[in-house]
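Please walk through this structure with the model open beside the text.

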Amino acid sequence: MWGIAIFSLIILSLPTVIVLIASFSSAQTLRFPPTGFSLQWYLALFDYPELWSAAVTSLQAALWTTLICIVLGVCASLAMAGSRARWVAAMDALVMSPLALPGIAVGLGILTYFSVLGVRLSLVTLVLSHVVICIPYLVRTTLASLIQLGTSLREASTVLGASPAYTFFHVTLPLIKQGVITGGFMAFLTSFDNITVSLFLSDARTEVLPIRMWSMIENDLDVRAAAISGILIVATALLMVLMERISGLSKFLVKS
């Protein structure tokens, strides 16, 4: 089992290592192994305003998506955890359905829906589409925290005369914050890195970073795409370490 686990980790991490090595290439096109090593492509990123504009758009979309998902996900989780009605199972399946469907199908379906309503593509439509595919992470992690918490503390707070709002902000939310933070982190990464749904829901004014990188690789194998990938890999690793220190990310995901 240890051998299978190590082999699997090597297979999963090998593409990341290849991209990191290729990002330091001195060649004019993306290739592996590189003919030489240089930092020129990282420095070239500062002279690429379209890339930074796409990165800002991705960051805005990811932040708004995470905020909306936290609000909606916590509300949905509270309703589902506090009820034993039959609709809870159906609602859970509905919320989780975007994870079971192909991303292209979800993106095409949302685009068709907006077209029928006559809504033009914008940052708002991009955020709403990302909410659809990211909210399952919030609901799953928050619902897991609520189930582990139980109802005894919330009932005790109510018996002692606390209002529902006071109970939520001073009892429930502090105790489920690990689930909320973990779900928010996963939603942020999913939104920032999404390309399948973004291909359908973004236009020239709302081009996101993954689509810009896709076009860079598709058109001319631009090494700058590997450089920005290297920055994203390092940033994601640092965020993972930070989340592990803040909320115990790995332990929580194992429990969930």
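## Nonpolar cores

How many residues does the largest nonpolar core have, and which of them have the most contacts inside it? The model is predicted. Its largest nonpolar core has 29 residues. Cys-69, Val-139 and Leu-201 have the most contacts inside that core. Six helices each supply at least two of its residues: H3 (49–81), H4, H5 (103–117), H6, H8 (164–193) and H9 (196–201). H6 gives the largest share, 11 residues.

Take Leu-201, one of the residues with the most contacts inside the core. Leaving out residues up to four places away in sequence, Leu-201 touches Gly-107, Ile-110, Leu-111, Phe-114 and Leu-121, and also Ser-122, Thr-125, Leu-126 and Ser-129. Another core lies apart from the largest one. This other core has 17 residues, including Ala-44, Leu-45, Leu-209 and Met-216.

## Salt bridges

Side chains of opposite charge can pair when their charged atoms come close. The structure holds 2 salt bridges. In one, the side chains of Arg-140 and Asp-92 meet, at 3.2 Å from N to O. Arg-140 lies in helix H6 (residues 123–149) and Asp-92 in helix H4 (residues 87–100), so this pair ties together parts that are 48 residues apart in sequence. Arg-140 counts as partly exposed because its relative accessibility is 35%, between the 20% and 50% cut-offs.

Arg-212 pairs with Glu-207 in a salt bridge. The closest N and O atoms of Arg-212 and Glu-207 are 3.0 Å apart. Is Arg-212 buried or exposed? Arg-212 is buried, because its relative accessible area is 18%, and the cut-off for buried is under 20%.

## Ser-229 in helix H11

Ser-229 sits in helix H11, which covers residues 223–247. Its relative accessible area is 17%, so Ser-229 counts as buried. Which backbone oxygen does the side chain of Ser-229 reach? The backbone oxygen of Ala-225, at 2.7 Å. With residues up to four places away in sequence left out, Ser-229 touches Val-19 and Met-213.

## The annotated domain

An unreviewed UniProt entry places the feature "domain: ABC transmembrane type-1" at residues 55–244. In the model, that span is 85% helix and 0% strand. The end C-alpha atoms of residues 55–244 lie 25 Å apart.

Technical notes
Residues are numbered from 1 along each chain as its sequence is written. This is a predicted model: local features need pLDDT of at least 70, side-chain atom pairs count only at pLDDT 80 or more; totals for chains, interfaces and linings use all residues. Side-chain values use heavy atoms; hydrogens and water are left out. Helices (H or I, at least four residues) and strands (E, at least two) are DSSP runs, numbered from the N terminus. Buried means under 20% relative accessible area, exposed over 50%, partly exposed in between (1.4 Å probe, protein chains only). A polar contact is a pair of N or O atoms within 3.5 Å; within protein, one must be able to donate a hydrogen and the other to accept it, and residues adjacent in sequence count only if both atoms are side-chain atoms. Contact means heavy atoms within 4.5 Å. A salt bridge is a side-chain nitrogen of Lys or Arg within 4 Å of a carboxyl oxygen of Asp or Glu. UniProt positions are given in the numbering used here, feature names are shortened, and annotations may be inferred rather than shown by experiment. A nonpolar core is a set of buried Ala, Val, Leu, Ile, Met, Phe, Trp, Tyr and Cys residues joined through side-chain atoms within 4.5 Å.
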